[in-house]
Amino acid sequence: MSKIEIKNLYAEYEDKNGSFLALKDISFQVKEGEFVSLIGSSGCGKSTLLSILQGINFPSSGIAAIDGNPITGPGTNRGVVFQHYSLFPWMTTRTNIAFGLKQSHQNLSRRQRYETADAFLAKVGLSGFGHKYPYQLSGGMQQRAAIARALAMNTDILLMDEPFGAIDAKNRTNMQELLLALWEGDGKSLKKTVVFVTHDIDEAIFLSDRIIMLTNSPGQIGKEYDVPFPRPRIHSAMREAPSYIHLRNMLMALFYDENSGKAADGEYVI
Ligand SMILES: Nc1ncnc2c1ncn2[C@@H]1O[C@H](COP(=O)(O)OP(=O)(O)OP(=O)(O)O)[C@@H](O)[C@H]1O
Ligand SMILES: [Mg+2]
């Protein structure tokens, strides 16, 4: 059984002018421990899809299920990083993380929660910023703190909506490597199941087992690509490989060519 199943899913938004179809007939599955990226142009419905997996939005028809059970609301089995900063403004950075842990790990003592919070702040390069409030941090720092909160919760499933979008190139590379290290774990326990939204094709290739391309208006499944590169992955080595350049060029062409998703033979030549 797949960890996540989306089947013939439609999502509509209602407003006073009528309804707007954001997602049309979306079907895909994510296996336990699989890292899947969704890419597609702005407005194609990526955040809508993630909000349905999170359980704060619901399909108008079709199925969105986890472990075979339709999603009925948010759950502590899912860690979420939103596209926009999502720290509670009235809590310090470390209390934000400790609060996440209080929801997901009710057996932890207060001291353990704060120790874990501080450890994860260190992992994302924010040691010494735990006592600051979100407004005292830059946008990229806030986003790193939100990522620390989701990672600290150590959930089976991670839903990440452009989590590294506001982060500078150097920290972004570090965060990608941290995410993969946590995802791969000790090699003994089961890996997390990750659904990751990004606009960045290099990031999608570096991180993912599989990339699903969405087409626009309404959002539909375009093409899917397996990313065959072995793990652990190293940025510098991967980017020089001819197979990497080939996959990257193919995805770039698809991303920038509106009609390419409709190619009959599935081949994309640039
Ligand atoms: N609450 C809402 N009410 C009405 N329409 C909405 C709402 N949220 C999103 N939409 C519409 O649904 C479509 C998909 O939006 P969504 O935010 O899922 O796109 P996205 O792929 O995440 O885009 P981006 O890459 O810019 O974040 C857009 O056309 C958007 O205008
Ligand atoms: Mg979005």
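Which helix and strands each supply at least two residues of the shell around ligand 1? Select strand E1 (4-15), strand E2 (18-30) and helix H1 (46-54); helices (H or I, at least four residues) and strands (E, at least two) are DSSP runs, numbered from the N terminus. A quick note before zooming in: this is a predicted model, where local features need pLDDT of at least 70, side-chain atom pairs count only at pLDDT 80 or more, and totals for chains, interfaces and linings use all residues. Residues are numbered from 1 along each chain as its sequence is written, while chains are lettered from A and ligands numbered from 1 in the order in which they are written.

Now show the shell itself: Tyr13, Asp15, Phe20, Ala22, Ser42, Gly43, Cys44, Gly45, Lys46, Ser47, Thr48 and Gln83 surround ligand 1 (C-beta atom, placed from the backbone, within 6 Å of it). H1 gives the largest share, three residues.

Next, pick Leu53. Along with Ala148 and Val195, Leu53 touches the most other members of the largest nonpolar core, which has 65 residues. Such a core is a set of buried Ala, Val, Leu, Ile, Met, Phe, Trp, Tyr and Cys residues joined through C-beta atoms within 7 Å; buried means 20 or more other C-beta atoms within 10 Å of a residue's own. H4 gives the most to this core, eight residues.

Last stop: helix H4 (residues 139-152) and helix H5 (residues 169-184), whose axes come within 12 Å and cross at roughly 0° (lines fitted to C-alpha atoms over the stretch in contact, with angles from 0 to 180 degrees between N-to-C directions). So H4 is roughly parallel to H5 (under 35 degrees).

Technical notes
Angles under 35 degrees count as roughly parallel, over 145 as roughly antiparallel, 65 to 115 as roughly perpendicular and the rest as oblique. A residue is buried if 20 or more other C-beta atoms lie within 10 Å of its own, exposed if 12 or fewer, and partly exposed in between; C-beta atoms are placed from the backbone.
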